[in-house]
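Please take a look at the sequence and the structure below. A short report on the fold goes with them.

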Amino acid sequence: MASQWPDDAYAAQGEAFQQKALGHGLRQADWNASWAAHVQKVHEQVMRSAKPGGLYAVPAPTVAVPLPLPSPVLAQEREDTHSNQLREALQRDLPSRMWERFFAPSAYLLPIPA
């Protein structure tokens with residue numbers, strides 16, 4: 001059973017088992033059998049905790065990986081002067097990273113005024 005556990009879980013459960021035994025002054029005739037019973041008792045809990053976001057989940061990378069900028073959409077070819085005016089205003093008023101990531105690749109197709 002414990003062979004299915006994440007690496008850190010086995011050591012953590014061993015520490016918890018030892019601390020409980022020392023803290024309660026437990027005496028066992030067969031410590032190996034006691035440990036095996038503990039493993040069986042906590043197996044389901046450990047496996048649930050190994051899922052994403054759980055106690056033993058692999059931590060997310062701490063180094064931010066820059067994402068490539070998205071490609072402009074094909075509809076940008078159909079933009080007109082009104083679209084260009086909106087595009088210039090957004091580029092001027094938005095933070096540059098926000099503009100590059102979310103707004104620059106978009107197409108601005110405005111309804112033709114009647």
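This is a predicted model: local features need pLDDT of at least 70, side-chain atom pairs count only at pLDDT 80 or more; totals for chains, interfaces and linings use all residues.

Residues are numbered from 1 along each chain as its sequence is written, and side-chain values use heavy atoms, with hydrogens and water left out.

**The whole chain**

The protein chain has four helices and zero strands. Read from the N terminus, its elements run α-α-α-α. Helices here are DSSP runs of H or I with at least four residues, and strands are runs of E with at least two; both are numbered from the N terminus. The chain has 114 residues, and 20% of them are buried. Buried means under 20% relative accessible area, exposed means over 50%, and partly exposed lies in between (1.4 Å probe, protein chains only). Take the contacts between residues at least 6 apart in sequence: 59% of them join residues at least 24 apart. A contact means heavy atoms within 4.5 Å.

**Helix 1 and helix 2**

Helix 1 covers residues 7–24 and helix 2 covers residues 31–49. They pack at an angle of about 125°, and their axes are 11 Å apart. That makes helix 1 oblique to helix 2. Axes are lines fitted to C-alpha atoms, for helices over the stretch in contact, and angles run from 0 to 180 degrees between N-to-C directions. Angles under 35 degrees count as roughly parallel, over 145 as roughly antiparallel, 65 to 115 as roughly perpendicular, and the rest as oblique.

Which residues of helix 1 meet helix 2? They are Ala-9, Tyr-10, Gln-13, Gly-14, Phe-17, Lys-20 and Ala-21. On the helix 2 side, the partners include Trp-31, Trp-35, His-38 and Val-42.

**The core**

The largest nonpolar core holds seven residues: Trp-5, Ala-9, Phe-17, Trp-35, Val-39, Val-42 and Val-46. Such a core is a set of buried Ala, Val, Leu, Ile, Met, Phe, Trp, Tyr and Cys residues joined through side-chain atoms within 4.5 Å. Helix 1 and helix 2 each supply at least two residues of this core. The largest share, four residues, comes from helix 2. In soluble globular proteins, nonpolar side chains tend to be buried together.

Ser-83 sits in helix 3, which spans residues 81–93. Beyond its neighbours within four places in sequence, Ser-83 is in contact with Tyr-108, Leu-109 and Leu-110. His-38 belongs to helix 2. With neighbours within four places again set aside, His-38 is in contact with Gln-13 and Phe-17. Arg-78 is in the loop between helix 2 and helix 3.

| Residue | Relative accessible area | State |
|---|---|---|
| Ser-83 | 1% | buried |
| His-38 | 15% | buried |
| Arg-78 | 60% | exposed |

Two C-alpha separations complete the picture. His-38 and Phe-17 are 21 residues apart along the chain, and their C-alpha atoms are separated by 7.6 Å. Arg-78 and Ala-107 are 29 residues apart along the chain, with 8.3 Å between their C-alpha atoms.
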